[in-house]
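Please find below a short note on the model under review. The points proceed from the whole chain to two local details.

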Amino acid sequence: MIKSIYEKKVPFSRATIALRGYHVGMDNKDKELLKKCVVIAHEAMEKGNHPFGALLADKDGKVLLTQGNEFTLGGSAYHAETILVMKAARLYDPDFLSTCTLYTNFEPCCMCTGAVYWSNIGRICFGMTEAELLRCTGDNEENPTFDLSSREVVSHGQKKIVIDGPTDDEELKALILKDHMDFWKNRG
Ligand SMILES: [Zn+2]
């Protein structure tokens with residue numbers, strides 16, 4: 001019963017999404033927006049936070065909201081994606097959010113993927129995997145990274161979210177990694 005309510009609101013497959021004119025697969029526009037996430041992440045780092053950045057874009061790639069990590073404000077729970085989703089959920093209705101994409105430099109953790117799920121945002125596009133992040137952070141006490149893919153999290157829910165990532169673009173990967181290579185060794 002619950003599923004039938006969501007079916008009206010949430011895109012259930014890539015084919016449905018394509019039919020409705022939404023984005024499918026990672027293209028150059030996505031890469032451009034992921035590069036913007038790297039800039040947002042860098043700015044967050046310069047303010048003393050962790051180098052994570054996220055943005056929300058509509059189906060045409062127009063940026064609606066941007067958000068950096070806010071460790072200095074709220075500690076380890078203040079992930080860029082979750083803060084972004086909370087803001088988006090107050091500004092936009094779930095039907096509209098189902099057509100939007102959350103972009104983030106690294107794959108969202110289970111908390112952030114959960115926030116995307118509950119807000120009804122229809123798609124996640126990330127640059128590098130959480131497993132790749134874990135290799136950078138190790139067991140750093142400020143960011144004891146999960147080893148749990150966003151696809152795994154979503155697979156246990158009642159509605160689907162389109163997930164694109166990681167990128168295979170080596171230049172973009174290098175950009176994403178740049179601020180993480182030495183960051184975690186000097187933290188905590
Ligand atoms: Zn997170």
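1. Among contacts in the protein between residues at least 6 apart in sequence, what percentage join residues at least 24 apart? The share is 62%, a contact being two residues whose C-beta atoms, placed from the backbone, lie within 7 Å.

2. This is a predicted model, in which local features need pLDDT of at least 70 and side-chain atom pairs count only at pLDDT 80 or more, while totals for chains, interfaces and linings use all residues. Residues are numbered from 1 along each chain as its sequence is written.

3. The protein contains 10 helices and 5 strands (DSSP runs numbered from the N terminus: H or I of at least four residues, E of at least two). Of its 188 residues, 41% are buried (20 or more other C-beta atoms within 10 Å of the residue's own; exposed means 12 or fewer, partly exposed in between).

4. Helix H3 (residues 28–46) and helix H10 (residues 170–178) have axes that come within 9 Å and cross at roughly 15°; they are therefore roughly parallel to each other (angles under 35 degrees). Lys31, Leu34, Lys35 and Val38 of H3 meet Leu172, Leu175 and Ile176 of H10. The residues of this contact comprise 5 nonpolar, no polar and 2 charged (Ala, Val, Leu, Ile, Met, Phe, Trp, Tyr, Cys and Pro are nonpolar, Asp, Glu, Lys and Arg charged, the others, Gly among them, polar).

5. Thr145 sits in the loop between helix H8 (130–137) and helix H9 (150–155). Thr145 counts as partly exposed because it has 19 C-beta neighbours inside 10 Å. Its C-alpha atom is separated by 7.4 Å from that of Leu133, 12 residues away along the chain. Leaving aside residues up to four places away in sequence, Thr145 touches Glu130, Leu133, Leu134 and Thr137.

Key
Axes are lines fitted to C-alpha atoms, for helices over the stretch in contact, and angles run from 0 to 180 degrees between N-to-C directions. Angles under 35 degrees count as roughly parallel, over 145 as roughly antiparallel, 65 to 115 as roughly perpendicular and the rest as oblique.
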